Amino acid sequence: MGKKRKKSEQILETSLILFSKKGFYSTTIPDIANALDMSVGNLYNYFPSKDELAKSVIRYSSDILGEKIREINK
């Protein structure tokens, strides 16, 4: 796994946790960046907006859920 992909996954996982705890509208990009110890500008290099980040979080979590369901069905 590449370094950029790994960092993207860290951002997605952290965002999912914060969205779950604080809600989407109450969670800011600076909140996510601070939790990851990275700058807001750097986070925007991975995701151009909070809405795009949220869409990616949904896809990411859906992919994980789908994989778990496939494992169970085997």
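User: How are the axes of two helices defined before an angle between them is read?

Analyst: Axes are lines fitted to C-alpha atoms, for helices over the stretch in contact, and the angles run from 0 to 180 degrees between N-to-C directions. Two packed helices are described by the angle between their axes and the distance between the axes. In this predicted model, the axes of H1 and H4 come within 9 Å and cross at roughly 95 degrees. Because angles of 65 to 115 degrees count as roughly perpendicular, H1 is roughly perpendicular to H4.

User: Which residues of H1 and H4 meet?

Analyst: On the H1 side they are Glu9, Ile11, Leu12, Glu13, Ser15, Leu16 and Phe19, and these meet Lys50, Leu53, Ala54, Ser56, Val57, Tyr60 and Ser61 of H4. By class, the residues of this contact comprise eight nonpolar, three polar and three charged.

User: What span should helix H4 have, given its 24 residues?

Analyst: At 1.5 Å a residue, H4 (residues 50–73) should span 34 Å, and its end C-alpha atoms are 34 Å apart, which agrees. Buried in H4 are Lys50, Leu53, Ala54, Ser56, Val57, Tyr60 and Gly66, and the buried residues of H4 pack against helix H1 (3–22) and helix H2 (29–35).

User: Which residues have the most contacts inside the largest nonpolar core?

Analyst: In soluble globular proteins, nonpolar side chains tend to be buried together. Here the largest nonpolar core has 15 residues, and those with the most contacts inside it are Ile11, Leu12, Ile32, Leu36, Met38, Leu43 and Leu53. H1, H2 and H4 each supply at least two residues of this core. Leaving aside neighbours within four places in sequence, Leu36 is in contact with Lys7, Gln10, Ile11, Thr14 and Leu43.

Definitions and conventions:
Residues are numbered from 1 along each chain as its sequence is written. This is a predicted model: local features need pLDDT of at least 70, side-chain atom pairs count only at pLDDT 80 or more; totals for chains, interfaces and linings use all residues. Side-chain values use heavy atoms; hydrogens and water are left out. Helices (H or I, at least four residues) and strands (E, at least two) are DSSP runs, numbered from the N terminus. The expected span of a helix is 1.5 Å times one less than its number of residues. Buried means under 20% relative accessible area, exposed over 50%, partly exposed in between (1.4 Å probe, protein chains only). Contact means heavy atoms within 4.5 Å. Angles under 35 degrees count as roughly parallel, over 145 as roughly antiparallel, 65 to 115 as roughly perpendicular and the rest as oblique. Ala, Val, Leu, Ile, Met, Phe, Trp, Tyr, Cys and Pro count as nonpolar, Asp, Glu, Lys and Arg as charged, and the others, Gly among them, as polar. A nonpolar core is a set of buried Ala, Val, Leu, Ile, Met, Phe, Trp, Tyr and Cys residues joined through side-chain atoms within 4.5 Å.
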